[in-house]
Number of protein chains: 2
Amino acid sequence: MAGSPGDPVAVAWAERTMKELSLADVHTEPVTVRRWERGDESAQIVAPVPQRLVVTALGGSGGTGARGVEGDVVEVASLADLEKLPPDSARGKIVFLDAPTRRARDGSGYGEGARGRYRGPGIAKKLGAVALLLRSLGTDHDRLAHTGAMAADDHPLPAAALSVPDAELLHRVLDEKKTARVRLVLGAHTSGEARSANVIGEVTGRERPLEIVLVGAHLDSWDLGEGAIDDGAGVGIALETARVISALPTRPRRTLRVVLFANEEHGLDGAHAYATVHGQEALKHVVAMEADFGADAVYAVRWLGDLATRDRFVALARLLAPLDVERDDAPGGGGADVSPLRELGVPILDLRQDGSRYFDVHHTANDTVDKIDPGVYASAAAAFATAAWAAADMEGDFGRVEETSRKSKDW
Amino acid sequence: MAGSPGDPVAVAWAERTMKELSLADVHTEPVTVRRWERGDESAQIVAPVPQRLVVTALGGSGGTGARGVEGDVVEVASLADLEKLPPDSARGKIVFLDAPTRRARDGSGYGEGARGRYRGPGIAKKLGAVALLLRSLGTDHDRLAHTGAMAADDHPLPAAALSVPDAELLHRVLDEKKTARVRLVLGAHTSGEARSANVIGEVTGRERPLEIVLVGAHLDSWDLGEGAIDDGAGVGIALETARVISALPTRPRRTLRVVLFANEEHGLDGAHAYATVHGQEALKHVVAMEADFGADAVYAVRWLGDLATRDRFVALARLLAPLDVERDDAPGGGGADVSPLRELGVPILDLRQDGSRYFDVHHTANDTVDKIDPGVYASAAAAFATAAWAAADMEGDFGRVEETSRKSKDW
């Protein structure tokens, strides 16, 4: 996790690994990250039926103090319902935001829930709630809670995710008994800032070395698991893309730049730092790609660029067809780390990995390396490498993204 | 868990529920159980690469004290390999018994591993080890450890299960680095004895009310989950068997007796108490059945009885065929709670439930009610009810189990 003792270890590993791969211009660029720690945490239904609950704090959550907080539970089925709660209806209570996460290949069920995770605690705080409990943004049924970032001011509300079975239990208790009182102890606290870094390395282009095809992933992960899926897998894909391309007899025309971003999870600090430092060379970024959706297969490719250059995207997508990657003509978004570049007009190649299983383990203790199927994972890396090579070697470019398409969706 | 605050709550619930079902002669029979508590627990690899490990104490484990124990890890692949370790090779070290659990419909992979869990800690203690770590007896890949009973003397070794991903991690570290040092803190301790009870109710037979068909399950569970699968599901099957049969227009010739046993998990105390109290009426027990293998479908029926009465078993099994239950001519075992009755010669009807998924959640925090498929579960209860009715209504009986077939397998 960003700011943890593992953060500089990861940075050093990445720099060393890029050098072992003989990448060019391997270096780090400093990034300041917030430091937030989880501490001890526990929860239980205290009435009408005593039951322990599996919880974990949302990233940025406030702490409850060692004595915890206790309150009657007010359940809402959606962020919209939370926003509609009458003033004072949650005062002194614990808000329970109980919206299931829909399983979807494109991960669209997560986006809906993530807005609630991000904005829910602030709304509950304004309503006078003492805490917020969130049904985990997860498609699994494990007794493991899914963490993730919430919007946090200087005095953030204590907010925690419940594992899916625990959320369903709490829902049943409320449904049958019409009341539930919960006690929550969160040791979460911020502890200043720390130094981290983006780690960068290149395969220098043979004809236009100043033009850049960027492949990004992020070095940080949440603290609960190993971060194998999020985003160790993406780091591997980005490095493998560079390794494969540098091993070819002919280098592509343009430079391939691998950027391993700092602190994607808890503030996008690395992405913002990169856009600030490299904003002036935004025009030199021909396209940006990001690997931050696990280790499953790429099933489709989307694109965002100057519509006048669409034929080039169609030609590029044709090269991915033998890898069972379909062309999808919906506008590409790319991941969080390339969004500041997109806002600067940098075109996006959006290689869409199958996310059907991703939210079973995402942001939980279950994010471990045994969840990766090596053969499927290799196929995902092959798709990224093919797309990156094609973009770096094509004759023309994708122009710039139109102003109206640059903004990120608002959480 | 036996001896916990939930134990008398479960006993009171069972007695009340049997009365609500209008069962006859509903009563409890006292059982003394051991009280063992898990306390706080944690583990980590301290060298050569720091990593937290997910652990949970084996039932009956000793504690480490708050400061924990630390030692180099000696890995063995099986109980047989542990038994072959040279004297002093594990002195001051932590033994890591790393045997994967084979997935099998009949659950046979568990029996192999359970011997290691039960006997391993005692063997490691004799070798001078400071603790034992066991790869969880589980077919899942969740970061949740599987508990279960170990043989414990007055000073049991601290012994804990590692989640499967953590065991695989420790194995990889040992494989690559040739050494690993682990720190283990277990708050486990025994705290005397407690009073529990077997809960008993009947559907009185219309012709031979003193002859008994027993359907058993156990009221206790391990502390980590809800005990929905082990053995809430079995309790439901036993009660549903009684409910369905008592609702028929004609009662069977013999009495159906439901016994919900105390403390199966940690000493089989309820089963031994029942056999002691009811040993003199063992001859009146025509057959015993047990539901202690989750909520999945019954796929086969086995039997143990006087071989001269085999035609009656064949006729009974024919009634189960429409429920997709096959006759299996291997000798029936029955579960742990009916084993003392089998040793007294009581015949067994062994309805075999599909255990393919059972050891994914067994003895973990994941043992929650959402793991039960209601339709499949209902089919299992239908098979038990059909078999119980047929045994209670048949003309003759199954005689007695031969002496040589009565003994349980030794763990």
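Q: Two strands pair if DSSP finds at least two bridges between them; what is the bridge partner of Val95(A) in β7(A)?

A: In β7(A), Val95(A) is partnered by Leu132(A). This is a predicted model, in which local features need pLDDT of at least 70 and side-chain atom pairs count only at pLDDT 80 or more, while totals for chains, interfaces and linings use all residues. Residues are numbered from 1 along each chain as its sequence is written, chains are lettered from A and ligands numbered from 1 in the order written, and side-chain values use heavy atoms, without hydrogens and water.

Q: How many bridges join β6 to β7 in chain A?

A: There are 4, between β6 (residues 94–97) and β7 (residues 131–135) of chain A, and the two run parallel; strands (E, at least two residues) and helices (H or I, at least four) are DSSP runs numbered from the N terminus.

Q: And what's the strand order of the open sheet?

A: The 8 strands in chain A follow the order β3-β2-β9-β5-β6-β7-β8-β4, with mixed pairing. At the edges, β3 (51–53) and β4 (55–57) of chain A each pair on one side only.

Q: Which strands does α3 of chain A lie across?

A: Helix α3 (residues 108–126) lies across β6, β7 and β8 (159–162) of chain A.

Q: Switching to the interface, how many residues of chain B are in contact with chain A?

A: 19 residues of chain B are in contact (heavy atoms within 4.5 Å) with 19 of chain A.

Q: How many salt bridges between them?

A: The count between chain B and chain A is 0, taking a salt bridge as a side-chain nitrogen of Lys or Arg within 4 Å of a carboxyl oxygen of Asp or Glu. On the side of chain B that touches chain A, the largest share, 4 residues, comes from helix α4 (residues 164–177) of chain B.

Note on methods: Two strands pair if DSSP finds at least two bridges between them. Axes are lines fitted to C-alpha atoms, for helices over the stretch in contact, and angles run from 0 to 180 degrees between N-to-C directions.
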